[in-house]
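Me: I would like to go through some labels and the cut-offs behind them. Please show me the structure to start.

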Amino acid sequence: MILTQSYTITDLMEGCKAGNRKMQELLYKQTASKMLAVCMRYARDRMEAEDVLQQGYIKVFQKIGTYQGDGSFEGWIRRIMVNSAIESYRKNLRTLNVVPIEDAYEQPSQGFNFSRLGMQDLLGLIQKLSDGYRMVFNMYIIEGYSHKEIADTLGISEGASKSQLSRARAILRDEIIKMEGINYASHAG
Amino acid sequence: MHHMQDKEFDQLFKDKFEDAQIEPSANLWANIEAELAPKRKRAFPVYWMAAAVALITLTAALLVFNKEEGGQLQGRTADVIKPAVSTEEKGTDTLVDQVKPIAQDKAPVEEGVLVSTSPAKSSLVAEDKKAAQAPEQKSLKNNLGGMQPNQVIAHLNTKEPIVKESAAELPKAKVDPADVIVMASADVPVVTGDAIINENDVADKRGIRNMGDLINFVVEKVDKREDKLIRFDTDDDNSSLIGINIGMIKFSKKKHK
C-alpha cells in the first residue's frame with residue numbers, strides 16, 4: 001500500500017471534513033485493508049464484508065463532522081465499521097443456526113500451538129460460526145464489549161450473550177484442535 | 001494437564017487480529033465514490049416531471065375546450081341579437097351607454113307623462129319582452145345550458161330593448177319607463193335561468209362531504225359546461241363516476257332530458 005508521505009492522518013481527517021474527495025480517497029487507501037479485516041470477522045464471506053466496508057466508509061465520510069478528536073481517528077473509523085457490521089447483521093437477521101451441542105465436545109487436555117495457525121485460518125473458523133455466535137464472539141473478545149452492551153445492541157439477554165460466547169469458544173477450540181491434528185498429520189506424513 | 005484458560009484463549013485471538021489487514025477489491029473505492037457523489041443528474045425527479053406534464057395537459061385541455069365553448073356562445077348570441085339590431089339600425093353599446101344617463105336624468109321630470117305613455121309603452125314593452133324572451137328560450141332549447149351562457153344572453157337582451165327605445169325616442173327622452181320595465185322584464189329570464197342553475201347545483205348546496213364533492217366543486221368552478229369534464233355521483237358515500245366529457249369523448253350515466 002503506497003501512501004503519499006506528506007499527509008498525516010490528521011491532515012486526511014481535516015481534508016475529509018472539508019469534503020475533499022482526494023483526501024477521502026487517501027484516507028480510504030490508508031485504512032481500508034485494516035477495516036476490511038474487521039468487517040471480515042463479522043461477515044460470512046468476502047462479498048458481505050466488502051458490502052459492510054462500503055457502507056461503513058459512506059458513514060465515515062457523512063459523519064466525519066461529528067468526530068471531535070476524542071480517541072484515535074482510526075479507532076473512530078473502526079467503531080463505525082463494527083456498527084455497520086452489526087447493522088447489517090440485524091438488517092438481514094438470518095435464522096440463527098443453532099449448532100447442536102454434541103458438535104462441540106470437551107476439548108482434549110493439550111494446548112494448541114497458535115503460532116502454527118495464521119490469521120486467515122482463524123478468520124475462516126470465525127466465519128464458519130453461526131451468525132449469532134460470531135457476533136458475540138467478535139464483539140466480546142476482539143472489540144471488548146461487555147455482555148450488557150452486547151445484549152442491548154443485539155436485543156438478546158445478557159445470559160444469552162454469555163452462553164453464546166462460551167459456545168463459540170468451545171466450537172473454535174474444537175475446530176482448532178481438528179486443524180492442529182491435520183497439520184500434525186501432514187507434518188508427520 | 002494443561003487447560004488453556006478462556007482469557008488466554010481470547011488473548012491469542014485478539015493478538016492475531018490486532019493488526020490484521022486484508023486488501024479490498026480494486027473497484028471498491030469507485031463504488032464508494034459513486035455513492036458519495038451527489039445525485040444531481042436529475043434536477044427534477046421523474047414523478048415531478050410526470051405531475052407537471054399531467055398538470056400542463058389538463059390546463060391546456062381545459063383552456064382549449066373552454067375557448068371552444070365560449071366561441072360557440074358568442075356566435076349564437078350574436079345571431080340572436082342580430083335581427084333586433086338590424087331592424088333598429090343603430091345597435092352599438094356606446095349608444096346605449098350614452099342614452100342611459102340621459103334617460104335617468106329625465107325620469108323625475110317626466111313623471112306625469114310617464115303615466116300617459118305607459119299603455120303605449122307597455123305594448124311596446126310586451127313586444128320587447130317577447131323579443132327578449134324568444135331568443136332566450138331558443139337559446140335554452142339549443143341546449144347551451146350552464147349558468148354563464150344564460151346570464152350572458154340575459155344581459156345582452158336587456159341592452160337590446162334599450163337600444164330600440166333610444167333609437168325611437170331619443171329626441172323626446174321618454175325612455176325611462178320603458179327602460180325600467182324592460183329591465184324588469186329582463187330580470188325574468190335571469191330568474192328562470194337561476195332556477196335551472198339551482199336544479200343543476202343541488203349537490204353544491206349540500207357542502208363538500210367527500211372526495212367526489214370536492215372534485216365536483218372544483219370542476220364546477222373551472223368547467224362551466226353542462227356536461228362537466230368529470231362528474232361524480234356523491235349521493236352515496238362512495239362517490240361513483242357518472243360523467244366524463246373530454247371534448248369528443250363523452251361518457252354519461254345520467255340521461256339528459
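Reply: Start with A:Tyr57. Leaving aside neighbours within four places in sequence, A:Tyr57 is in contact (heavy atoms within 4.5 Å) with A:Tyr28, A:Thr31, A:Ala32, A:Met35, A:Met81 and B:Ile32. This is a predicted model: local features need pLDDT of at least 70, side-chain atom pairs count only at pLDDT 80 or more, and totals for chains, interfaces and linings use all residues. Residues are numbered from 1 along each chain as its sequence is written, chains are lettered from A and ligands numbered from 1 in the order written, and side-chain values use heavy atoms, without hydrogens and water.

Me: Why is A:Cys16 called buried?

Reply: Buried means under 20% relative accessible area, exposed over 50%, partly exposed in between (1.4 Å probe, protein chains only). A:Cys16 has 2%, so the label buried applies. A:Cys39, at 1%, therefore counts as buried too.

Me: How many disulfides does the structure hold?

Reply: Zero, over all chains. A disulfide is a pair of cysteine sulfur atoms within 2.5 Å.

Me: What covers the buried residues of helix 3 of chain A?

Reply: The cover includes helix 1 (9-17), helix 2 (21-42) and helix 4 (73-91) of chain A, together with helix 2 (28-36) of chain B. Among the buried residues are A:Leu53, A:Tyr57 and A:Phe61.

Conventions
Helix = DSSP H or I, 4+ residues; strand = E, 2+ residues; numbered from the N terminus.
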